[in-house]
Amino acid sequence: MRLNKIVPCALIAVGAAFTFNTVKAAEITGAGATFPYPIYAKWAEEYKKATGTGLNYQSIGSGGGIKQIKAKTVDFGASDMPLKAEELDSEGLMQFPAIMGGVVPVLNVEGIAPGQLKLTGQVLAEIYLGKVKKWNDQQIASLNPGVKLPADDISVVHRADASGTSFLFTDYLSKVSADFKSTVGAGTAVKWPTGVGGKGNEGVAANVQRLKNSIGYVEYAYAKKNKMSHTQLKNHDGLFVQPDDSSFKAAAAGAEWSKTPGFAVILTDQAGKSSWPITGASFILMHKAQADIAKSREVLKFFDWSYKNGGQMAAELDYVAMPSSVVKLVEDAWKSQLKDVAGKAAW
């Protein structure tokens, strides 16, 4: 799938994108994170062709997805911020990772090529704190000798909605900057000291493309498919790296899925010479007690198919498919946790 233009956010009409005129075809509904939208759209398109079952996915941000699954208005919610075990238990939810990818800083500065500009997490935090205000600030210039940096103000762009992409971004900045951690902190929705907001990855990307001398952050597929200029980042091991599926895989290599309750692994600032520092998984949320067991099975069939058939599609969009060992853990969790009202397993 190629994203040749920014898709308007709000409720992305994936129903229109993936729903065909098949009589009495099954349809499952989901809502949440914009981070995985490009790969969910591709999977849904191919799954519809293979099975006749459609997916209507509302790309409204992780916060919206969490609200909708708690309210039981969708069959599954999606969030890039994993819920803690206590919240899962109190809400009767289970979660599992569906896909992994990276969040990247993107910029619109004339004369700077994609991947040319180098930043550290500390400098990126200073920009988002409003302390580094000019592109030719000494902190940026010292990292980029020979790069012609304008003396213009930096226009900061951030998410305006509750966002798992923001969670990954702010979690990373909180790990590398004590000032950012104490001033802003990590969360899906934070009080930004400076900048303008955009709704969804789509809205941030659109604002960065519109505003000269701007910087924002989006999931990598949005940057790549819209030909946006991204930065390099200095990782945990002190090396500057480019974002791509290999650097995302490197960050995910040490994840201990089996030892983490609710699969709630956070992959930011991981060790490793090749690791991209803002890497994360996107999670699916479902109620453990299923009133409509047939519908829940359709959801599980979709993700089972995606795990087994969607790896190449994920790679083409620069996501990282879940390893087979993790898929086995996930499907075991489906068997043990998802039940109908009579206690019969959904999978």
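Modeller: One definition to begin with: helices (H or I, at least four residues) and strands (E, at least two) are DSSP runs, numbered from the N terminus. This is a predicted model, where local features need pLDDT of at least 70 and side-chain atom pairs count only at pLDDT 80 or more, while totals for chains, interfaces and linings use all residues. Residues are numbered from 1 along each chain as its sequence is written, and side-chain values use heavy atoms, with hydrogens and water left out.

Colleague: How many helices and strands does the protein have?
Modeller: There are 14 helices and 14 strands.

Colleague: What is the mean pLDDT?
Modeller: The mean is 92, and 93% of the residues reach 70 or more. pLDDT is the predictor's confidence in each residue, from 0 to 100. Residues 1-24 are below 50. Beyond near neighbours in sequence, that stretch has 50 contacts in the model. Contact means heavy atoms within 4.5 Å.

Colleague: And the overall shape? What is the radius of gyration?
Modeller: The protein has 20 Å, which agrees with the value near 20 Å for a compact globule of 347 residues. The radius is taken over C-alpha atoms, and the globule rule is 2.2 Å times the number of residues to the power 0.38. The C-alpha trace spans about 65 × 40 × 35 Å along its principal axes.

Colleague: How much of the protein counts as buried?
Modeller: 57% of the 347 residues do. Buried means under 20% relative accessible area, exposed over 50%, partly exposed in between (1.4 Å probe, protein chains only). Among contacts with a separation of 6 or more, 77% come from residues 24 or more positions apart.

Colleague: Let's look at strands. Which strands pair with E3?
Modeller: Strand E1 (residues 27-32) runs parallel to E3, joined by three bridges. Strand E12 (residues 279-287) pairs with E3 in the antiparallel sense, also over three bridges. Two strands pair if DSSP finds at least two bridges between them.

Colleague: Which residues stand across from alanine 78?
Modeller: Glycine 32 has alanine 78 as its bridge partner in E3. Isoleucine 284 in E12 stands opposite alanine 78.

Colleague: Which way do the residues of E3 point?
Modeller: In E3 (residues 76-79), Phe76 and Ala78 point one way, and Gly77 and Ser79 the other way. All are buried. In a regular strand the side chains alternate between the two faces of the sheet.

Colleague: What is the strand order in the open sheet of three strands?
Modeller: The order is E5-E10-E11, with mixed pairing. Strand E5 (118-119) and strand E11 (240-241) are the edge strands, each pairing on one side only. Strand E10 (residues 232-234) runs antiparallel to E11, with two bridges. Lysine 234 stands opposite phenylalanine 240 there.

Colleague: Switching to helices. Which residues of H11 are buried?
Modeller: In helix H11 (residues 245-252), they are Ser247, Phe248, Ala251 and Ala252. They lie on the same side of H11, because they cover an arc of only 140° around the axis. The arc is that of the directions from the helix axis to the C-beta atoms.

Colleague: What do those buried residues pack against?
Modeller: They pack against strand E4 (93-108), helix H10 (220-225) and E12.

Colleague: And H9, how many of its residues are buried?
Modeller: Eight of its eleven residues are, so H9 is mostly covered. Among them are Gly200, Glu202 and Val208.

Colleague: Last one. Where is valine 184?
Modeller: Valine 184 is in the loop between helix H8 (178-183) and strand E7 (196-198). Valine 184 is buried, with a relative accessible area of 14%. Leaving aside neighbours within four places in sequence, valine 184 is in contact with Leu129, Val190, Lys191 and Pro193.
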